[in-house]
2 protein chains.
Amino acid sequence: MPDYAAPIERLIEELKHLPGIGQKTAQRLAFHLLKVAPEDALALADAIRDAKEKIRQCSVCHNITDADPCLYCTGANRSRKTICVIEEPHNMLAIERTRTYSGLYRVLGGALSPLQGRGPEQLKIKSLIERLKGGAVEEIIIATNPTAEGEATAVYLSKLLKPLGVRVTRIGVGIPVGADLEYADEVTMLKAMEGRREL
Amino acid sequence: MPDYAAPIERLIEELKHLPGIGQKTAQRLAFHLLKVAPEDALALADAIRDAKEKIRQCSVCHNITDADPCLYCTGANRSRKTICVIEEPHNMLAIERTRTYSGLYRVLGGALSPLQGRGPEQLKIKSLIERLKGGAVEEIIIATNPTAEGEATAVYLSKLLKPLGVRVTRIGVGIPVGADLEYADEVTMLKAMEGRREL
């Protein structure tokens with residue numbers, strides 16, 4: 001006898017495809033969905049369908065959006081002099097939350113990763129260079145993650161972009177605000193020392 | 001400007017309704033769904049819809065099933081002499097995995113919990129008593145969770161069922177197999193001492 005009726009097994013299987021969701025969590029979520037009112041469960045099904053139908057990539061910055069070009073690319077109050085380069089669309093939110101950046105964005109779609117077979121051709125780099133030829137952009141802020149892949153991407157981009165006469169900067173890496181030095185890993189501590197500034 | 005385009009916000013909101021899924025996880029799941037092939041994301045939406053349409057409660061044991069009565073209640077190789085009482089349908093799987101139990105089940109739909117306003121009327125107890133009147137059942141195994149609510153439910157059921165001339169048993173509570181006594185909490189240790197057997 002199978003563990004559960006076929007539609008439940010199928011739901012659990014589909015939930016397991018989500019990142020970070022294993023067998024136990026998938027079971028818990030499936031039983032929750034079976035327990036709630038039909039309209040609540042169907043609201044999730046509809047939201048998935050709706051998002052997949054309406055959301056596409058912005059043809060300018062490769063952000064995900066329901067309007068092309070996206071709200072950032074067309075925003076009247078966004079400066080066209082700065083482009084912030086990020087790995088994934090959701091990285092944008094972390095920067096927007098600072099409420100200090102009002103330039104444009106560029107989503108790479110990941111970072112260079114030879115192990116995962118992701119080279120420069122797989123990232124949205126060519127069209128970025130095309131865009132710089134217009135000459136309006138003065139600074140490129142590279143905000144890829146401070147991981148091995150993100151750093152490699154930053155160095156690669158920097159070498160590629162500097163000859164084009166644009167200022168290339170990298171976000172600061174170091175001890176996060178509110179953290180204790182005692183618990184900082186050695187690489188972060190090293191970066192923090194390297195990145196020290198005059199007081 | 002909202003954080004994300006409306007369909008993404010809606011998807012994140014719906015995902016947040018799932019148990020144990022907060023803002024960050026919902027965002028991660030939503031971006032995963034937006035990234036995968038449309039057919040993979042829609043497979044999840046369809047699985048939810050399908051499960052909600054096809055799955056109902058077994059009218060005999062209150063298990064969730066796509067056939068009524070369920071496969072356990074109609075199984076030719078299931079003994080009709082024993083009923084195992086559990087809180088939720090998914091508890092059944094833990095017992096089935098032992099491959100030693102071949103009796104019937106009865107899902108209570110929770111445990112007694114005055115704090116949550118769940119009294120005996122909210123649990124499927126009345127119909128259980130009705131069923132015992134047939135006289136075919138010889139033993140009721142109470143497999144509610146060894147929590148305060150589960151124990152209270154077990155005691156309540158035992159007092160209710162014993163006068164009907166049926167044998168009422170409770171699953172063993174103690175140190176789990178493979179665990180270390182050093183890490184056992186005092187209540188579990190107490191229960192393990194109380195539940196000791198002759199060697």
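**View 1. A:Glu39 in helix H3 of chain A.** In this predicted model, A:Glu39 lies in helix H3 of chain A, which spans residues 38–54. The residue is exposed, its relative accessible area being 55%.

**View 2. A salt bridge between the chains, A:Arg10 to B:Asp50.** A:Arg10 and B:Asp50 form a salt bridge in which the closest N and O atoms are 3.3 Å apart. This pair crosses from helix H1 of chain A (residues 6–16), which holds A:Arg10, to helix H3 of chain B (residues 38–54), which holds B:Asp50. The two partners fall into separate accessibility classes: A:Arg10 is partly exposed at 32% relative accessibility, whereas B:Asp50 is buried at 14%. A search of the whole structure gives 18 salt bridges over all chains.

View 3. B:Asp50 and B:Lys54 are about one helical turn apart, because four residues separate them in helix H3 of chain B. An α-helix has 3.6 residues a turn, so residues three or four places apart point the same way. B:Lys54 is partly exposed, with a relative accessible area of 42%. A:Arg10, B:Asp50 and B:Lys54 are linked in a network of salt bridges.

**View 4. A salt bridge between two strands of chain A, A:Arg167 to A:Glu139.** The side chains of A:Arg167 and A:Glu139 form a salt bridge, 3.4 Å from N to O. The pair links distant parts of the chain, 28 residues apart: A:Arg167 belongs to strand S6 (residues 167–170) and A:Glu139 to strand S5 (residues 139–142), both of chain A. A:Arg167 is exposed, with a relative accessible area of 52%. A:Glu139 has 18% relative accessibility and counts as buried, because buried means under 20%.

**View 5. Helix H2 of chain B and its packing.** Helix H2 of chain B covers residues 23–35 and has 13 residues. From its first C-alpha to its last, helix H2 reaches 18 Å, close to the 18 Å expected at 1.5 Å a residue. The buried residues of this helix are B:Ala26, B:Gln27, B:Leu29, B:Ala30, B:Phe31, B:Leu33 and B:Leu34. On chain A, the buried residues of H2(B) pack against H3, strand S2 (64–65) and helix H5 (91–96). Within chain B, the buried residues of H2(B) pack against helix H1 (6–16) and H3.

Note on methods: Residues numbered from 1 in each chain as written. Chains lettered and ligands numbered in written order. Predicted model: local features only at pLDDT ≥ 70, side-chain atom pairs only at ≥ 80, totals over all residues. Heavy atoms only, no water. Salt bridge = Lys/Arg side-chain N within 4 Å of Asp/Glu carboxyl O. Buried < 20%, exposed > 50% of the residue type's maximum accessible area, 1.4 Å probe, protein only. Expected span 1.5 Å × (residues − 1). Contact = heavy atoms within 4.5 Å.
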